[in-house]
Amino acid sequence: MDNFNIKIFLNSKKQYYTFNEIKYKTYKNIVKTILNNNNTDVSELFNNLISSHCVNNDNNFNFLEKLCILLALRIICISPVLDFSVLDKNKKQQFISVDLTKLLEQLQLKNEDFTDTQTIENVKINFSSPSDFFYNTFEEHYISTIKNITVNNVTYNVNDNSALDLLPTSSLKYAKDFFNKIHDTLNDLFLLKVNFGKNEKIDLPLSLKDNTIIEFLKILFKRDLLSLYEFEYFFISKANLSFDLLYNSTPAELNVFMNIYKKDLEERNKQQQSNNLNPLTPNLNKINE
């Protein structure tokens with residue numbers, strides 16, 4: 001088995017799904033895409049990430065299920081803690097840590113698949129939760145809830161734009177109302193809710209209307225690109241670890257390697273200092289060379 005598999009439970013589907021780990025090479029590509037700051041590209045990247053890493057054949061997920069998947073992969077493959085800093089009203093830097101496991105638990109409790117059906121004469125329209133994190137217009141948001149249209153027992157997928165011409169006029173209003181229902185049901189959830197400084201706080205609600213989900217995902221996976229290049233240099237040239245190990249490990253595993261290396265380096269430095277203070281003590285490092 002080449003890949004270690006991760007089981008993620010989706011409450012809306014009442015079952016586990018299996019995913020491959022996010023390796024460092026993939027993580028670096030995520031960071032680079034986020035830095036380009038194009039929400040359409042970032043959304044497509046995360047959709048492709050879920051699709052390519054899902055071992056199951058059935059991976060038709062809605063936006064909330066995808067958010068839970070990405071959050072779980074981030075917790076396991078990178079870190080369960082989100083660390084960042086903000087400036088308070090006095091321009092003083094405040095460091096903030098967020099426990100992502102608690103957020104995932106909250107999202108799982110709300111993770112339900114919204115569905116509805118509208119039938120008008122010989123036309124049947126099936127509605128469900130949007131599947132993407134980002135849409136350019138409100139109209140795209142509403143239409144995203146329409147999954148398929150059946151006319152005279154012939155079903156059309158809405159990916160075929162010509163199928164939208166078959167919609168009754170009232171269906172667009174129905175889609176808008178259904179979308180607002182989903183939004184209102186989730187409106188009490190916060191992706192970030194942090195107090196800092198003196199009576200200051202960050203509130204980032206889970207909202208389908210202002211693209212807060214895609215912005216949160218960018219925060220979740222963002223990293224300074226220069227720091228990654230510095231890490232690669234140190235990992236290979238200083239710690240003498242291999243390029244293959246770098247690219248075939250998760251960021252969390254690489255942190256373990258580096259922590260072991262730092263601990264070993266500290267112990268070597270302490271031993272060296274002890275030898276310098278006690279010149280009559282045999283230098284075991286020299287003897288073993």
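Analyst: Start with angle classes: under 35 degrees counts as roughly parallel, over 145 as roughly antiparallel, 65 to 115 as roughly perpendicular and the rest as oblique. Axes are lines fitted to C-alpha atoms, for helices over the stretch in contact, and angles run from 0 to 180 degrees between N-to-C directions. Helices (H or I, at least four residues) and strands (E, at least two) are DSSP runs, numbered from the N terminus. This is a predicted model: local features need pLDDT of at least 70, side-chain atom pairs count only at pLDDT 80 or more, and totals for chains, interfaces and linings use all residues. Residues are numbered from 1 along each chain as its sequence is written, and side-chain values use heavy atoms, with hydrogens and water left out.

User: At what angle do α2 and α3 pack?

Analyst: Helix α2 (residues 39-53) packs against helix α3 (residues 63-77) at about 75°, and their axes are 11 Å apart. The two helices are therefore roughly perpendicular to each other.

User: Which residues of α2 and α3 meet?

Analyst: Contact means heavy atoms within 4.5 Å. From α2 come Phe46, Asn47, Leu49 and Ile50; from α3 come Lys66, Ile69 and Leu70. By class, this contact has five nonpolar, one polar and one charged residues. For the classes, Ala, Val, Leu, Ile, Met, Phe, Trp, Tyr, Cys and Pro count as nonpolar, Asp, Glu, Lys and Arg as charged, and the others, Gly among them, as polar.

User: At what angle do the axes of α1 and α7 cross?

Analyst: Helix α1 (residues 24-36) and helix α7 (residues 212-221) cross at roughly 130°, and their axes come within 10 Å. α1 and α7 are therefore oblique to each other. Next comes handedness: a crossing is left-handed if the near helix is turned anticlockwise from the far one by less than a right angle, and right-handed if clockwise. The crossing of α1 and α7 is left-handed. In α1, Tyr27, Ile30, Val31 and Ile34 meet Leu217, Lys218 and Phe221 of α7. That contact has six nonpolar, no polar and one charged residues.

User: Now the strands. In what order do the four strands of the open sheet lie?

Analyst: Two strands pair if DSSP finds at least two bridges between them. The order here is β5-β6-β7-β8, with antiparallel pairing. β5 (115-120) and β8 (154-157) are the edge strands, each pairing on one side only. From one strand to the next, the twist averages 20°. Helix α6 (residues 169-185) lies across β5, β6 and β7 and runs at about 165° to β5.

User: How many bridges join β6 to β7, and how many join β7 to β8?

Analyst: Five bridges join β6 (residues 123-128) to β7 (residues 146-151). Lys124 stands opposite Thr150 in β7. Four bridges link β7 to β8. There, Asn148 stands opposite Asn157 in β8. The hairpin of β7 and β8 has two residues between the strands, and Asn152 takes a positive phi near 50°.

User: Where does Lys14 lie, and is Lys14 buried or exposed?

Analyst: Lys14 sits in the loop between β1 (5-10) and β2 (15-20). Its relative accessibility is 59%, so Lys14 counts as exposed. Phi of Lys14 is near 55°, a positive value in a residue other than glycine. The surrounding hairpin of β1 and β2 has four residues between the strands, and six bridges join the two. Asn5 has Asn20 in β2 as its bridge partner.

User: And is Asn211 buried or exposed?

Analyst: Asn211 is buried, with a relative accessible area of 16%. This residue is found in the loop between β10 (200-205) and α7. Asn211 also has a positive phi, about 60°, although it is not a glycine.

User: Which side chains of β3 point to the buried face?

Analyst: In β3 (residues 81-87), Leu82, Phe84 and Val86 point to one face and are buried. Ser85, at 32% relative accessibility, counts as partly exposed. Seven bridges join β3 to β4 (residues 93-99), and the strands run antiparallel. Leu82 stands opposite Val98 in β4.

Technical notes:
Buried means under 20% relative accessible area, exposed over 50%, partly exposed in between (1.4 Å probe, protein chains only).
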